[in-house]
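Thanks, everyone. Please have a look at the display.

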Amino acid sequence: MAVGVHQALEDAQFDFVLAHVDGPVLAYFWGVWSAGCKELDPVVRDLAAEYAGRLTVVRTDLVRCPATTKRYGVTGAPAMVLLRAGEVVETAPAPLTETDLRALVSRHVPSTD
């Protein structure tokens, strides 16, 4: 993934990012086996660049982050959880489209316009 997208390859990494970020966090739960994730990866990368400085994106592996996945009730991929100050603001479970994802982010992250 591109700069601006943090990789959470274990639960401790996810918790570290949450503890050190001010502002909204988009937790992107993905699986290497998911066709939907392969389709959304470039969208997530673009959103991270578009909202740089206003949104932190954490790409979270469903298999390698089981405690984090369970904590947020994620059962499929791709799934998104928008957090603010560590608290869930909104969730978007699979299946998820680019339109759904852009709407989720725009509802909670101010635009630069």
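**Fold and ring contacts**

Of the contacts in the chain with a separation of 6 or more, 71% are between residues 24 or more positions apart. Keep in mind that this is a predicted model.

Now the layout. The chain has 4 helices and 5 strands. Along the sequence they run β-α-β-α-β-α-β-β-α. How compact is the chain? Its radius of gyration is 13 Å, close to the 13 Å that the globule rule gives for 113 residues, so the chain is as compact as a globular protein of that length. Along the principal axes, the C-alpha atoms fill a box of roughly 40 × 30 × 25 Å.

Next, burial and surface. Buried residues make up 45% of the 113 in the chain.

On to the rings. How many aromatic pairs does the structure hold? There are 3. I'll walk through two of these.

Start with Phe 14 and Phe 29. Their ring centres are 6.4 Å apart, and the planes meet at 35°. That angle falls between the 30 degree limit for stacked and the 60 degree limit for edge-to-face, so the pair is tilted. Where do the two residues sit? Phe 14 is in helix α1, residues 11-19, and Phe 29 is in strand β2, residues 24-30. The pair therefore ties together parts that are 15 residues apart in sequence.

Are these two buried or exposed? Phe 14 is buried, at 1% relative accessible area. Phe 29 is buried as well, at 0%.

Phe 29 has a further partner, Tyr 72. Here the ring centres lie 6.3 Å apart with the planes at 50°, so this pair is tilted too. It links distant parts of the chain. Phe 29 is in strand β2, while Tyr 72 is in the loop between α3 (66-71) and β4 (79-84). The two are 43 residues apart. Tyr 72 has a relative accessibility of 14%. The cut-off for buried is under 20%, so Tyr 72 counts as buried.

Ring pairs link Phe 14, Phe 29 and Tyr 72 into a cluster.

What sits over the ring of Trp 30? The charged end of Arg 59 does, 3.6 Å from the ring centre.

That's the tour. Questions, please.

Definitions and conventions
Residues are numbered from 1 along each chain as its sequence is written. This is a predicted model: local features need pLDDT of at least 70, side-chain atom pairs count only at pLDDT 80 or more; totals for chains, interfaces and linings use all residues. Side-chain values use heavy atoms; hydrogens and water are left out. Rings of Phe, Tyr and Trp (its six-membered ring) pair if their centres lie within 6.5 Å; planes under 30 degrees apart count as stacked, over 60 as edge-to-face and the rest as tilted. Buried means under 20% relative accessible area, exposed over 50%, partly exposed in between (1.4 Å probe, protein chains only). A charge sits over a ring if NZ of Lys or CZ of Arg is within 6 Å of the ring centre and within 35 degrees of the ring normal. The radius of gyration is taken over C-alpha atoms; the globule rule is 2.2 Å times the number of residues to the power 0.38. Contact means heavy atoms within 4.5 Å.
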